[in-house]
Amino acid sequence: MLFSYYRKTFLFITLTVFFLFGRGQEADTLATRQLSDVEVVEKVRPGVTREATPVQRLDKERIEQLGLQDLSEAVRRFSGVTLKDYGGIGGLKTVAIRGFGTQHTAVSYDGVTITDAQSGQVDISRFSLDNIESVSLVIGQGDEIFQTARMFASVGALQLTTSVPRFTDRRYWVAGQVKSGSFGLANSSLRYEQKISDIYALTVDGDWLRADGQYEFKVDYGDTILQEKRSNSDIRTYRSEINFYADWKQQGNLRAKVYYFDSHRGLPGSVVLYNDYHTERLQNKNTFGQLVYENQLNTRFRVKGQAKFDYSWTRYRDFHSRYQEGVQTDTYKQKETYVSAVGLYQPHQTVSISLAEDFFMNELDATTPNCVFPSRYTSLTAFSSQYKDSRLTVTAGLLGTYIVEKVEVGEAADNRKKLSPSVSLSYRVLRNQNLRVRFSYKNIFRNPTFNDLYYDRMGNSKLLPERATQYNAGLTWSSSLAGLSLDYISLTADGYYNRVHDKIVALPTMFIWKMLNMGEVKMKGIDLNVSSRFRLPADIYLQTDGSYSWQDATDRTSEGSKIYGHQIPYTPCHAGSVSVSLENPWVNVSWLLTAVGERYSLAQNIEDNRMDRYVEQQISLNKSFPWKQCTIRLQGEVLNPGNINYDVIHYYPMPGRSFRVGVKVTY
């Protein structure tokens, strides 16, 4: 029966992919391509205020204006986000949305989802900003229905879009960049773009980074404050990427990508009880290849096909303490095979219908004791419909999930079947003003990870999925005021209520910790965002952005328990950011501020678990100018100029004041 299901699923996907590629040869010569919505003001900007669900976006120009050099720095600008940073340059960095765990957040790279079936979370530090065109955060189910079924299967998505080559009077472009900074930072990158013909193009990206990470920090032990230096926090990474583009006009377009990442790092660990001695090392190797084919067959029908193979290798080594001999070595290998087919039909200019089918297989092989060698087969089917005119947008979707679990040793988890609905609405209140109200609802679930189910002694194959429910209601407004030299201004205000049932938590049993479905969490909050751009005399532009989040995310598992009604760990009640940039003919200047309120490192909100609030700043200067046939860009930043001592994760101190400089040459 199981083999029959796989065979039918594979046959369906294979026929669909052949249909996609075969039909492209018969495309209607009058086919047109549908463009994303934009708000037309003096400076064209993506129409995020038109979306029925909260969407936040930073494009490449804004990233460069702010002097952002790391993806985590960009993500911190978004409201409703909790970024977990385990200490400096080499630390693991993960993203959580509105009180949900990091496993509920999807990360996509050029439209294809990045996953980790073992832990369920993605380390975003493995991606570079140098070749990124835009970074977007979508909370709930966005208005874009022409996407894979996998993009429907999370509470929100961090979407990374890389730069596409654009040729004018030249057939190639080369851009090289060198950066240096505090704590032994050295980083170089190179990008090459080649126009092969009017149909084909190629880009090659390479990136290398190293740092010793030995920054100073202060430790408060109550009766004394010690000045220490971080150890075992060095890192070396190599990253390369090749993209091939084919534009066959009416026959569709193809994008092929090959990605490779290799990192060697120390795990600095926590600083407790006068001990900062850590010897753990981590090595990661990850490579994947993906294909994306898209074709508009005629004015009403569009299709898209995707395929991907991902291989990840991780080696963890612990040399134990200075008093103990021996080395512990654990090696993990993950494989994923993924295919997807999507069709979009538009019977009317205001109505769209989409159907997406995804199938993927995950496998884990580990050298750890009692590894059960799990594999997982997942089928996702997403059906969506949308009505959209100049004032009203209504989107409804239904996701069907079928998961089959297998293990080579022991007992496998139960198979899963689940239907997950979503609906959203945006309405323009005034015909002549872009003032909109919006509402969205989404019901989704998170399947337990391989670690949750099968990790040595802690895993529990009887776990149920976490069930999540999201409600959002908000107002959006955008405009331009020429008389006040205001290019644009946009405001968004959203209130939300979320709930998680059967939350997976680690609890002590008789002799060991065990993964159990013992948690229930309720989250409510407010997200505010404002953005504006002013034109000043002498070709000077002032751009400001601000965000604020209030979150009340509390445990509701067992009334009368010590943690009932307490804020969940690492979720501040108040957080916000402000950025101001001044563009001028001389030197561009930007200032960024991030403020995070107090939060707690453990579930019980007592003084011993409380983490202090902090404010961090960054100042950036940059200047671009032509030189012969090149464009040169100089940039410098001061991070944490106040030398604030703070932790994002308890006992993982962050760097104090640091400096970075860089030069980029484009030819």
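Which residue forms a salt bridge with Lys179? The partner is Asp130, and the closest N and O atoms of the two are 3.2 Å apart. A salt bridge is defined here as a side-chain nitrogen of Lys or Arg within 4 Å of a carboxyl oxygen of Asp or Glu. The structure is a predicted model, in which local features need pLDDT of at least 70 and side-chain atom pairs count only at pLDDT 80 or more, while totals for chains, interfaces and linings use all residues. Residues are numbered from 1 along each chain as its sequence is written, and side-chain values use heavy atoms, with hydrogens and water left out.

**Confidence of the model**

- The mean pLDDT (the predictor's confidence in each residue, from 0 to 100) is 88 for the protein, and 90% of its residues reach 70 or more.
- Over residues 1-44 the pLDDT stays under 50. For this stretch the model has 75 contacts beyond four places in sequence, where contact means heavy atoms within 4.5 Å.

**Salt bridges**

- The structure holds 32 salt bridges. Side chains of opposite charge can pair when their charged atoms come close.
- Helices (H or I, at least four residues) and strands (E, at least two) are DSSP runs, numbered from the N terminus.
- Lys179 counts as buried, because its relative accessibility is 10%. Buried means under 20% relative accessible area, exposed means over 50%, and partly exposed lies in between (1.4 Å probe, protein chains only).
- Arg150 and Glu336 form a salt bridge through their side chains, at 2.8 Å from N to O. Arg150 lies in the loop between S8 and strand S9 (156-162) and Glu336 in strand S19 (residues 328-348), so this pair ties together parts that are 186 residues apart in sequence. Both Arg150 and Glu336 are buried.
- Arg535 and Asp487 also meet in a salt bridge, at 2.5 Å from N to O. This pair links distant parts of the chain, with Arg535 in strand S27 (residues 513-536) and Asp487 in strand S26 (residues 486-508), 48 residues apart.
- Arg535 is partly exposed, at 25% relative accessibility, whereas Asp487 is buried, with a relative accessible area of 3%.

**Nonpolar cores**

- The largest nonpolar core has 29 residues. Such a core is a set of buried Ala, Val, Leu, Ile, Met, Phe, Trp, Tyr and Cys residues joined through side-chain atoms within 4.5 Å.
- Among the residues with the most contacts inside this core are Leu68, Tyr109 and Phe127.
- The elements that give two or more residues to this core include helix H2 (60-66), helix H3 (71-75) and strand S16 (253-266). The largest share, 4 residues, comes from S8.
- Leaving aside neighbours within four places in sequence, Leu68 is in contact with Leu58, Ile63, Glu73, Ala74, Leu129 and Leu592.
- A second, separate core of 23 residues includes Val155, Tyr338, Leu380 and Ile444.

**Paired strands**

- S19 and strand S20 (residues 351-366) run antiparallel and are joined by 15 bridges. Two strands pair if DSSP finds at least two bridges between them.
- A hairpin through 2 residues joins S19 to S20, and the bridge partner of Thr337 in S20 is Met361.
- S20 is also joined to strand S21 (residues 374-388) by 13 bridges, and these two strands run antiparallel. Ala356 stands opposite Ala382 in S21.

**Two buried polar residues in loops**

- Thr102 is found in the loop between strand S5 (93-97) and strand S6 (105-109), and is buried, with a relative accessible area of 7%.
- The side chain of Thr102 makes a polar contact with that of Gln121 (2.8 Å). A polar contact is a pair of N or O atoms within 3.5 Å; within protein, one must be able to donate a hydrogen and the other to accept it, and residues adjacent in sequence count only if both atoms are side-chain atoms.
- Gln141 lies in the loop between S8 and S9 and counts as buried, at 7% relative accessibility.
- The side chains of Gln141 and Lys442 make a polar contact (2.9 Å).
- The C-alpha atoms of Gln141 and Ala396 are separated by 9.2 Å, although the two residues are 255 residues apart along the chain.
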